[in-house]
Amino acid sequence: MKKLRGISASPGIGIGKAKKLDSEFFIFKKEEKRIKSKNVENEIKKFYESVKKTEDEILKIKLNIEKIAGKEYSEIFSFYISLLKDKKLIERVVNLIKKEKVSAGTAIKKFIENLSNQLLEKDNFLRDKRKEIFDIFEKVFFNLSGKTEKLNEIKNGIIVAKDLSPTQTVSIDKRYIKGFVTCVGTSTSHTAIIAKSLEIPAVVGVADAMEEIKENDTILIDGYDGIVIVNPTSVEIEKIKIKEEEIKQTKKKIYILKNKETITLDKKRIKLYANIEFPEEVESVIKYGAEGIGLFRTEYLYLKRNDLPSEEEQFLSYKKITEKMEGKPIIIRTIDVGGDKFISAFQGPKELHSFLGLRGIRFSLEKKDIFLTQIKAILKASYFGDLKIMFPMITTKEEVIEAKKIVEIAKNELNKKNVRFKENIEIGIMIETPSAVLVSDDIAKEVDFFSIGSNDLIQYTLAIDRVSEKLSYLYQPCHPSILKLIKLTIENAKKNNIKVSICGEMASNPEIACLMIGLGLEELSMAPLAIPYVKEKIIKNYYYKMKEIAEKIINFDSHESIINFLKKNLN
Ligand code: PEP
Ligand code: MG
């Protein structure tokens with residue numbers, strides 16, 4: 001038995017036999033099929049027919065993914081279609097058939113082989129898009145030869161591959177394939193998102209999967225936690241069955257708790273909101289019973305593209321969410337690039353410590369045109385529901401004043417054009433730097449609400465890079481310094497009569513959520529999935545007890561003692 005760790009890409013449990021896949025397998029077969037001159041036209045015809053067939057298939061897939069995952073995720077398929085319509089690419093294959101007198105299949109192979117060497121040609125497009133070109137022409141090749149793709153050849157199989165392309169992922173037939181493992185990828189890669197939409201259990205980023213897994217090994221995939229077990233023992237299989245059962249129970253819990261008010265035993269009403277990163281997550285926000293969206297990260301609009309999203313594109317995206325939320329509040333956080341998120345449309349100088357660099361509001365104030373476009377889009381969408389604006393990574397009051405000036409400019413521009421928007425839209429900030437906490441009394445006078453971003457507050461207070469695995473032991477949400485900063489933020493918000501909530505990950509922990517309530521928060525925002533668990537904890541406990549616990553704990557001297565105390569003293 002061997003346990004491999006990766007990244008959870010799509011939840012679910014899958015057990016089956018390993019089917020290792022080398023997605024580049026066909027071009028390495030050296031066979032070459034020569035043809036007679038009189039057959040050239042016929043081969044070209046066959047090639048065109050196969051291109052057309054592939055185009056039709058991809059179009060179908062595109063529409064399907066658009067329906068289940070949204071337009072953003074189907075765009076890759078539009079790109080594939082544009083490749084099939086690219087005359088220059090098609091002519092390359094046709095010319096090979098003509099000049100070298102080879103079959104259409106051989107011509108495609110040669111074309112792909114040339115591409116591999118053609119880091120060769122100084123053609124940037126071919127170089128950058130090699131993977132996608134390869135992927136789609138592989139499909140043309142399969143359609144031409146009438147061969148089935150290797151993916152679905154095995155019953156109860158688990159695919160193990162270096163990487164899977166989006167087209168390969170959508171080709172997986174759930175009746176035969178029980179899940180997949182890849183060496184590369186992230187939870188937000190297209191492959192992962194498609195797997196989630198199609199409900200295929202998947203773990204990506206298992207770097208040594210191809211070395212550690214042998215063909216026909218029994219593989220157990222735990223797509224919930226990103227774990228792959230090679231040749232599991234009966235005990236492991238039993239454990240996973242228990243886990244599946246627990247998950248079923250959770251689903252029931254979600255159903256029961258969804259419409260229940262979040263209220264403590266002594267009747268203190270608490271509001272639970274959801275954090276989201278993509279518009280499609282609105283479905284989960286509703287499913288898990290959130291009362292609104294406490295943090296809508298907008299970076300998705302800017303990442304994985306070479307240009308910037310237009311005002312109209314952003315407006316339509318925000319409007320769609322607003323309408324789906326049917327009047328429930330939504331806090332839209334303005335672009336928070338920098339740190340570990342970069343946009344290709346803006347190639348700034350490389351920074352040694354990017355988390356301490358041009359990030360969040362600093363970027364927006366440097367690139368005011370990008371910022372203004374986003375603010376106008378949010379304002380326009382605000383007409384359709386209860387939207388609020390939030391600025392990330394604030395460290396000084398001046399930044400807030402500067403950012404508000406941009407909001408004023410945006411309002412003036414829209415007024416001039418007679419565009420309708422919510423004039424008194426609320427403006428808030430993330431409290432996620434120690435500096436913001438320490439001047440929060442002052443800044444509170446400039447804004448309508450605070451939202452505590454504990455993910456960054458922990459990183460900046462304890463001086464640890466939040467993506468550093470080596471330092472994860474120091475990532476302590478209940479470190480006394482963090483609790484003291486949170487307490488001070490809440491006090492200053494209340495003193496100035498503005499709203500305050502938390503949207504960092506720590507609010508997803510049911511016990512810590514109760515501690516936050518004890519410290520004075522009445523609104524918490526978290527991953528949608530965490531809502532039923534946090535709600536269940538809150539409704540089983542007394543508010544007065546949470547306050548007592550918070551009062552005691554604030555004087556404790558370590559994260560560990562605080563966590564233990566919480567566990568012991570809450571129901
Ligand atoms: C935070 O910093 O706590 C937060 C919610 O924002 P992000 O994780 O997007 O930086
Ligand atoms: Mg943050």
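View 1. Leu265 comes out as partly exposed because its relative accessibility is 38%; the label covers whatever falls between buried (under 20% relative accessible area) and exposed (over 50%), with a 1.4 Å probe and protein chains only. This is a predicted model, where local features need pLDDT of at least 70, side-chain atom pairs count only at pLDDT 80 or more, and totals for chains, interfaces and linings use all residues. Residues are numbered from 1 along each chain as its sequence is written, chains are lettered from A and ligands numbered from 1 in the order written, and side-chain values use heavy atoms, with hydrogens and water left out. Leu265 sits in the loop between helix H10 (234-257) and strand S9 (271-276); helices (H or I, at least four residues) and strands (E, at least two) are DSSP runs, numbered from the N terminus. Together with Tyr542 and Tyr544, Leu265 makes a nonpolar surface patch of about 290 Å². Patch members have over 30% relative accessible area and no salt bridge, with nonpolar side chains (Val, Leu, Ile, Met, Phe, Trp, Tyr) joined within 5 Å and like charges within 9 Å; areas are Shrake-Rupley with a 1.4 Å probe, and for residues only the protein chains shown count as cover.

**View 2. The magnesium ion (ligand 2).** Its protein donors are Glu432 (OE) and Asp456 (OD), 2.0 to 2.1 Å away. The two are 24 residues apart: Glu432 is in the loop between strand S13 (426-431) and helix H16 (434-438), Asp456 in helix H18 (residues 454-461). Donors are N, O and S atoms within 2.8 Å of the metal (3.2 Å for Na, K and Ca), and with water not among the atoms, sites may look incomplete. Both Glu432 and Asp456 are buried. Asp456 also belongs to a salt-bridge network with Glu299, Arg333, Asp336 and Arg359; a salt bridge here is a Lys or Arg side-chain nitrogen within 4 Å of an Asp or Glu carboxyl oxygen.

**View 3. Asp225 meets Lys243.** Their side chains form a salt bridge at 2.5 Å, N to O. Asp225 lies in the loop between S7 and strand S8 (227-230) and Lys243 in helix H10, so the contact ties together parts 18 residues apart in sequence. Asp225 is partly exposed, at 44% relative accessible area.

**View 4. Strand S3 with its two neighbours.** S3 (residues 13-21) pairs with S7 (residues 218-222) in the antiparallel sense over 5 bridges, and Gly14 has Ile221 as its bridge partner there. Strand S4 (residues 157-161) runs parallel to S3, also joined by 5 bridges, with Lys20 partnered by Val160. Pairing takes at least two DSSP bridges between strands.
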